[in-house]
Amino acid sequence: MALKGLDIFKLLPKTNCKKCGNPTCMAFAMKVAQGSIAIDKCPDISAEALAQLSDASAPPMKALTIGDGGKQYKLGGETVLFRHDKTFVSKSLYAVAVCQDCIDEKLPKIKEIDYDRIGERMIVDLINVEFTGDKAKFLDTVKKAQGAGRTLILEVKDADAAKAALDIVKAEKPVLNGADETNWEIFNKIAVEAGVVLGVGGKDLDTIYETVQKLEGAGNKNLIIDVGSVSIKDAFANAVQIRRAALKDQDRSFGYPSIVNLHKLVGNDENLETALASVFTLKYGSIIILSNMSYATALPLYGLRQNIYTDPQKPMKMEPKIYPINGADAESICAVTVDFALTYFVINGEMERSGIPVNLIVSDAGGYSVLTSWAAGKFSAGTISKFFKEANIEGQVKSRNLLIPGKVAVLKGELEESLPGWKILVGPNEAVGVVKWLKDFKG
Ligand code: SF4
């Protein structure tokens, strides 16, 4: 249950000493109840009260870390069910499943997915190595997967094979996914000894719940719940029920991140898998395992994830710089736009469609769209010419033709004054018109 301010206040020393930065202990207690300050900020609180409050005021969902220093990932720590209530905390991670028979074919494709979208590097985050009955081959596959430089999930129910695999990769903090109602004691021991997150599954939700409670009773709260692979319907129902139980009903035994194995649920249907991966990105797959990853899957999926797991209050911004389109060189016509990511993608797409080489200059405009930034004074002749100087645009391009959005045609005169030597060209009002404009342009 969530603690109320009064419950917390009763456990405080009540000296109103202000060491916590609050005028009274009651003010401090109210802030702890809201989650805006940590209980240990009161230096005078007793150890017993601290233990009591830390447990009860712990977030409803555990936040875990997997991976080693070079590539760590956060899982869980969510506080709300819906993204419109508050920004989600830990983005879904995408994994590709491999076994001894397919790893050689899949590894090059896994490494191929590597691109940047609005400052975020998009790669296959994790590799799920599946044990299929042969320990020697499993260990060989683990070694090969380790070489790909991704954090691993070891999907194995054989304790011997699990232990041997962890001897190889435990320093890289993989996930050991294999505990269930039949083997939880030995898997708990193996995971704790290796210091890794333990994946817990089971034949149904009640069984999983009981196994999690047994593991918690044994002192292990470094867990992730496998929502199962009985059917797509069951997996989705489980993922939603687990998250609702944790966040709505404050049931901490379900307050763990989840693993969804679409490789097992779907098989080799890329379109269905991509569609389902989108569904589980929204509700509530912390790790989503796919059979494969191609650009046809990655582009929509990673774009969706980026939209879901960013603060809706903060506009997504492109890095202000020159973006050469269609093989543009220093002689190609220049065009200027704002750094709002949506504007960039719309105009960039239309320019690509024209086939004409263009140097698209993204100016620092505070992350707003063309008209909003113009109205706010962030996309003006002054700001554009200042950016041109700071970014040394004239040193990077030889063309002096500069296309500006039609909606800010009013800037033409001022830009001609502030950027001497440049020919300012007014483009169409809408991005869609730029294809014809560029094709008709005779530089
Ligand atoms: Fe009260 Fe502790 Fe804050 Fe002092 S530091 S005012 S005792 S809550």
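**The closed sheet and its surroundings**

Modeller: Leu93 stands opposite Ile287 in β12, and this pair of residues belongs to the parallel pairing of β3 (residues 93–98) with β12 (residues 287–290), which runs over four bridges. Two strands count as paired if DSSP finds at least two bridges between them, while the elements themselves are DSSP runs numbered from the N terminus, helices being H or I of at least four residues and strands E of at least two. The model is predicted, so local features need pLDDT of at least 70 and side-chain atom pairs count only at pLDDT 80 or more, whereas totals for chains, interfaces and linings use all residues. Residues are numbered from 1 along each chain as its sequence is written, and side-chain values use heavy atoms, with hydrogens and water left out.

The pairing of β3 with β12 belongs to a barrel into which eight strands close, in the order β3-β6-β7-β8-β9-β10-β11-β12, with parallel pairing. Neighbouring strands of this sheet are turned against each other by 25° on average, with direction ignored.

Helices lie across this sheet. α5 (residues 135–146) lies across β3, β6 (126–130) and β7 (151–155) and runs at about 170° to β6, where angles are taken from 0 to 180 degrees between N-to-C directions and axes are lines fitted to C-alpha atoms, for helices over the stretch in contact. α11 in turn lies across β3, β11 (258–261) and β12, running at about 175° to β12.

α11 (residues 270–282) also packs against α12 (residues 295–308), at an angle of about 10° and with the axes 10 Å apart. This makes α11 roughly parallel to α12, a term for angles under 35 degrees, as against roughly antiparallel over 145, roughly perpendicular from 65 to 115 and oblique for the rest. On the α11 side, Glu270, Thr274, Ala277, Ser278, Thr281 and Leu282 are in contact (heavy atoms within 4.5 Å) with Ala296, Thr297, Pro300, Leu301, Leu304, Arg305 and Ile308 of α12. Sorted by class, that contact has seven nonpolar, four polar and two charged residues; Ala, Val, Leu, Ile, Met, Phe, Trp, Tyr, Cys and Pro count as nonpolar, Asp, Glu, Lys and Arg as charged, and the others, Gly among them, as polar.

The largest nonpolar core has 65 residues, of which Ile127, Phe138, Leu154, Leu176, Leu262, Met293 and Tyr302 touch the most other members. Such a core is a set of buried Ala, Val, Leu, Ile, Met, Phe, Trp, Tyr and Cys residues joined through side-chain atoms within 4.5 Å, and buried means under 20% relative accessible area, with over 50% called exposed and partly exposed in between (1.4 Å probe, protein chains only). Helix α6 (residues 159–169) gives the most to this core, with six residues. Leaving out residues up to four places away in sequence, Tyr302 touches Tyr94, Tyr115, Met122, Ile123, Val124, Asp125 and Met293.

For context, the protein chain has 18 helices and 17 strands, and buried residues make up 48% of its 443 residues. Its C-alpha trace spans about 75 × 65 × 35 Å along the principal axes. Among contacts between residues at least 6 apart in sequence, 65% join residues at least 24 apart.
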